[in-house]
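Visitor: Please show me the model, and then let us discuss it by question and answer.

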Amino acid sequence: MGAGIAQVAAEAGLEVRLLDPVSGAYERAMDRIGGFLERKVAKGQLAAGDADAALRRITEAGSVADLAAVELVVEAIPEDLDLKRDAFRRLDAAAAPDTILATNTSSLAVRDIAVAALHPERVVGMHFFNPVPLMALVEVIAAPGTAPSVVAATVALAHQLGKTPVETADTPGFIVNRVARPYYLEALRILGEGAAGVEAIDEAMRGAGFRMGPFELIDAIGADVNLAVSQTVWEGFGRAPRYLPHPLQAVLVGAGRLGRKTGAGFYAYGADGERGEPWSGVASAVAPGAAPSPLGPDAIRDRILATIVNEAASAVEDRTASPEAIDTAMRLATNWPNGPLAWGEERGLGTAVATLDDLAAGASDDRYAVVPLLRSLAERDGSFFTARA
């Protein structure tokens with residue numbers, strides 16, 4: 001991630017300093033950036049002279065003290081809170097008073113990182129998506145103590161880098177990792193109930209316009225990563241049933257079936273990466289005695305889309321982000337065919353509410369409880385995009 005961020009900044013004409021305490025990390029980053037730029041030149045997307053100029057703009061910093069004169073620092077170290085707090089403690093001590101300190105965290109609360117700084121008002125989240133040179137979205141996360149001027153400057157920088165920034169509050173999962181949860185979790189619930197198989201669920205969602213079905217996508221991301229994010233969001237929301245990780249996630253991780261990177265996940269994969277048959281072991285993990293009526297493609301689609309719309313509505317209701325920001329984020333980061341809120345309105349918000357109410361009637365907890373804003377808009381034929389005017 002750090003190499004990708006450095007690349008887009010250098011291509012945008014900015015001078016970049018790279019700091020990594022790991023021996024050889026700078027050289028590996030430069031090799032990676034150079035290779036990426038060479039491919040752009042070969043495709044006619046970048047002039048050779050511009051590629052050379054971009055590489056010259058990137059230099060190595062020997063220590064945190066060498067970053068004292070920079071205008072903005074983007075931290076892109078592993079998702080470990082203690083590591084990040086230590087980094088921000090040292091950055092805050094070394095950087096100039098007006099330097100913005102940004103974290104590229106994808107799952108940790110920015111406010112929990114900012115407490116390490118004596119000047120938390122200059123700490124902001126700047127969450128890029130991988131691979132950075134190809135992904136347009138940047139989530140700009142304002143912690144409770146982040147100065148508005150810092151948020152505005154970070155948004156402006158994202159534009160300068162050629163990205164599309166969306167502003168989000170410092171809530172668990174921000175926008176993308178939160179609103180995407182139901183795509184996986186509801187698919188897992190359907191599978192766990194024995195109401196449909198892996199292939200049937202994936203086919204139903206591809207038929208709805210998604211590029212990849214939920215199980216194909218978990219295999220691409222990694223079952224371990226998917227479980228870790230689910231766990232983080234669930235914990236962040238006080239272990240609310242709506243976000244509860246599904247036991248099947250732990251089953252795959254425990255079996256070492258992490259997806260494409262291990263050659264096996266919900267599907268088996270050949271040496272050439274070609275997808276094979278679904279894992280037969282999934283069937284043994286399905287809830288014993290569960291024998292609901294099999295779900296067809298339309299019912300599968302309706303359940304998953306209803307839970308996505310409900311989650312997006314929740315993010316509007318608790319002011320995590322604006323409806324426009326939520327739909328933009330989900331289109332750009334997940335390549336969904338439409339933003340969930342606009343999609344919900346096109347399909348009819350009442351349809352989502354009716355689906356959720358039916359599911360809630362058979363649930364033992366409130367995981368399918370309709371968000372009050374969604375129910376209110378459905379009852380009065382309102383719109384998310386005028387509700388907060």
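Visitor: Which residues of helix 6 are buried?
Guide: This is a predicted model, in which local features need pLDDT of at least 70, side-chain atom pairs count only at pLDDT 80 or more, and totals for chains, interfaces and linings use all residues. Residues are numbered from 1 along each chain as its sequence is written, and side-chain values use heavy atoms, with hydrogens and water left out. Buried means under 20% relative accessible area, exposed over 50% and partly exposed in between (1.4 Å probe, protein chains only); helices (H or I, at least four residues) and strands (E, at least two) are DSSP runs numbered from the N terminus. In helix 6 the buried residues are Val-150, Val-151, Thr-154, Val-155, Leu-157 and Ala-158.

Visitor: How far apart are the end C-alpha atoms of helix 6?
Guide: The expected span of a helix is 1.5 Å times one less than its number of residues. For the 13 residues of helix 6 this gives 18 Å, which agrees with the distance between its end C-alpha atoms, 18 Å.

Visitor: How much space lies in the largest pocket, and how does its lining divide by class?
Guide: On a 1 Å grid over the protein atoms alone, a cavity is a set of points where a 1.4 Å probe fits but cannot get out, and a pocket is an open set with protein on both sides within 12 Å along at least five of seven lines; lining residues have an atom within 4 Å of a point. Grid points are joined across faces, edges and corners, and a volume is the space filled by probe spheres set on the points. Helix 6 is among the elements that each supply at least two lining residues. The space is about 1,500 Å³, and the lining divides into 33 nonpolar (Ala, Val, Leu, Ile, Met, Phe, Trp, Tyr, Cys and Pro), 9 charged (Asp, Glu, Lys and Arg) and 2 polar residues (the others, Gly among them).

Visitor: Which helix gives the largest share of the lining of the second largest pocket?
Guide: This pocket holds about 1,100 Å³ and is lined by 37 residues, with Asn-130 among those nearest its centre. Asn-130 is joined to Pro-131 by a cis peptide bond, with omega about -5°. The largest share of the lining, 5 residues, comes from helix 11.

Visitor: Is Asp-381 buried or exposed?
Guide: Asp-381 is found in the loop between helix 18 and helix 19 and has a positive phi of about 55°, although it is not a glycine. Because its relative accessibility is 73%, Asp-381 counts as exposed.

Visitor: What is the volume of the largest cavity?
Guide: The count comes to 3 cavities of 30 Å³ or more. In the lining of the largest cavity, helix 8 gives the largest share, 4 residues. The volume of this cavity is about 80 Å³.
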